[in-house]
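I am opening a notebook on a structure I have not looked at before. I will go from the whole chain down to single residues and write down what I find.

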Amino acid sequence: MIEVRNAMKTFQSETVIRDVSLSVRNGSIYGLLGSNGAGKTTLLRMMAGILRTNSGEMKIDGEDIFENNRLKETMIFLQDDLYFFSQYTPKQMARFYRETYPSWDEERYAGMKQSLGLDENKKINKFSKGMKRQVAFWLALSAKPEVMILDEPFDGLDAVVRKTIKSMILEDVAERSMTVIISSHNLKEVEDICDYIGILHNGTILLERDIDDLKGEFHKVQAAFRKGKEPDMSPLDVVHREKRGSVFIYIVRGEKDEITSHVQAAHPVVFDQLSLTLEEIFIYEMRRVGYAKDDII
Ligand SMILES: Nc1ncnc2c1ncn2[C@@H]1O[C@H](COP(=O)(O)OP(=O)(O)OP(=O)(O)O)[C@@H](O)[C@H]1O
């Protein structure tokens with residue numbers, strides 16, 4: 001279990017992370033979402049033990065993360081801008097990883113060499129941007145860490161490699177309870193892979209929830225009524241309402257059946273009820289805090 005309790009981080013006089021608490025269960029995939037500059041990378045660097053918190057706690061299974069060498073042997077942090085010993089080849093890097101990570105898996109390294117088809121004797125700085133990211137995953141997945149922290153991990157990867165890597169991550173989560181934290185702006189991807197999400201804004205967590213519970217909690221209703229006569233919606237928890245032509249669009253929090261029967265009772269001429277996508281929930285939450293201003297849902 002990764003536990004963050006009341007974490008604060010200040011750079012010079014700017015507070016970037018304020019009183020953040022969250023927990024990530026072993027064997028789960030946690031998606032960290034947020035606006036630009038929200039503090040995601042900073043929080044991930046703190047969780048990876050690279051940055052010290054000003055106050056608060058960062059622990060894995062009860063042990064402090066910061067500068068903890070034993071824990072570092074069990075975790076991998078793939079940064080947004082990949083830092084590599086770029087004069088080295090994947091083969092030379094593999095030697096370094098083999099010595100650093102006790103759980104290094106030679107068989108997986110060889111298997112991925114075949115499936116990715118990369119030359120292990122070519123200097124990393126000679127690879128393309130996407131290929132460098134492939135090398136990073138090649139090494140990271142071969143190290144078989146207990147915890148993987150990924151900052152915008154799939155940027156620049158083609159669809160085929162993306163799928164291969166995502167299935168390997170899911171396999172490691174299912175088979176050996178690897179714990180994964182992913183920060184990404186690609187909400188479709190987060191929705192596909194993560195089971196838990198946290199939304200960070202201005203250094204604080206706005207919302208943290210199991211993704212299925214979250215999606216089951218909000219519903220989008222589109223309805224049109226005879227002569228444009230809108231029924232009384234006040235018995236429902238309508239968190240957003242807008243009108244486009246003759247169609248009313250509502251975002252309603254609550255039980256799907258209850259919402260359906262309330263709207264159906266008004267005999268709508270058009271009625272459609274959909275779950276919100278993660279992107280819509282994210283935009284709705286951002287509107288709630290004044291970040292997104294237009295009616296964009
Ligand atoms: N080393 C640093 N020194 C000073 N300020 C920093 C430093 N690192 C980050 N910041 C500031 O912290 C804030 C959060 O930055 P961070 O990179 O964590 O955001 P982010 O959520 O990852 O953003 P993005 O989605 O745009 O990548 C920004 O205002 C940034 O300028």
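**Entry 1: the whole chain.** I began with a count of elements, and the protein chain has 10 helices and 14 strands. I note here that the model is a predicted one. I then looked up the extent of the chain: its C-alpha atoms fill a box of roughly 75 × 45 × 30 Å along the principal axes. The chain has 297 residues, and buried residues make up 30% of them. I also checked how contacts span the sequence. Among contacts between residues at least 6 apart in sequence, 68% join residues at least 24 apart.

**Entry 2: the domains.** I looked up the domain assignment, which gives domain 1 as 2-202 and domain 2 as 213-288. The centres of domain 1 and domain 2, taken over C-alpha atoms, are separated by 38 Å. How many residues of each domain are in contact with the other? I find 7 residues of domain 1 in contact with 7 residues of domain 2. On the domain 1 side, the elements that give two or more residues are helix H7 (187-193) and strand S9 (196-201). H7 gives the largest share of that side, 3 residues. By class, I noted 5 nonpolar, 1 polar and 1 charged residues on the side of domain 1 that touches domain 2.

**Entry 3: the ligand.** Next I listed the residues around the ligand. They are Phe11, Val16, Gly34, Asn36, Gly37, Ala38, Gly39, Lys40, Thr41 and Thr42. Which helix gives the largest share of this shell? It is helix H1 (residues 40-47), with 3 residues. Sorted by class, the shell around the ligand has 3 nonpolar, 6 polar and 1 charged residues.

**Entry 4: an open sheet.** I followed a sheet of 4 strands, which is open and runs in the order S12-S13-S11-S14 with antiparallel pairing. Its edge strands are strand S12 (237-244) and strand S14 (270-275), each of which pairs on one side only. I then took one pair from it. Strand S11 (residues 218-224) and strand S13 (residues 247-253) pair in the antiparallel sense over 6 bridges. Histidine 219 has valine 252 in S13 as its bridge partner.

**Entry 5: strand S6.** I turned to a parallel pair for this entry. S6 and strand S7 (residues 147-151) pair in the parallel sense over 4 bridges. Leucine 78 stands opposite leucine 150 in S7. I also checked where the side chains of strand S6 (residues 75-78) point. Met75 and Phe77 point one way and Ile76 and Leu78 the other way, and all are buried. I put the general rule beside this: in a regular strand the side chains alternate between the two faces of the sheet.

**Entry 6: leucine 22.** My last stop was leucine 22, which is found in strand S2 (residues 14-24). Why does leucine 22 count as partly exposed? I find 19 C-beta neighbours inside 10 Å of leucine 22, so the residue counts as partly exposed, since a buried residue needs 20 or more. Leaving aside neighbours within four places in sequence, leucine 22 is in contact with Val4, Gly198, Ile205 and Glu208. I also took one distance, C-alpha to C-alpha: leucine 22 and proline 90 are 35 Å apart in space and 68 residues apart in sequence.

Definitions and conventions. Residues are numbered from 1 along each chain as its sequence is written. This is a predicted model: local features need pLDDT of at least 70, side-chain atom pairs count only at pLDDT 80 or more; totals for chains, interfaces and linings use all residues. A residue is near a molecule or strand if its C-beta atom, placed from the backbone, lies within 6 Å of it. Ala, Val, Leu, Ile, Met, Phe, Trp, Tyr, Cys and Pro count as nonpolar, Asp, Glu, Lys and Arg as charged, and the others, Gly among them, as polar. Domain bounds come from an automatic or database domain assignment. Two residues are in contact if their C-beta atoms, placed from the backbone, lie within 7 Å. A residue is buried if 20 or more other C-beta atoms lie within 10 Å of its own, exposed if 12 or fewer, and partly exposed in between; C-beta atoms are placed from the backbone. Two strands pair if DSSP finds at least two bridges between them.
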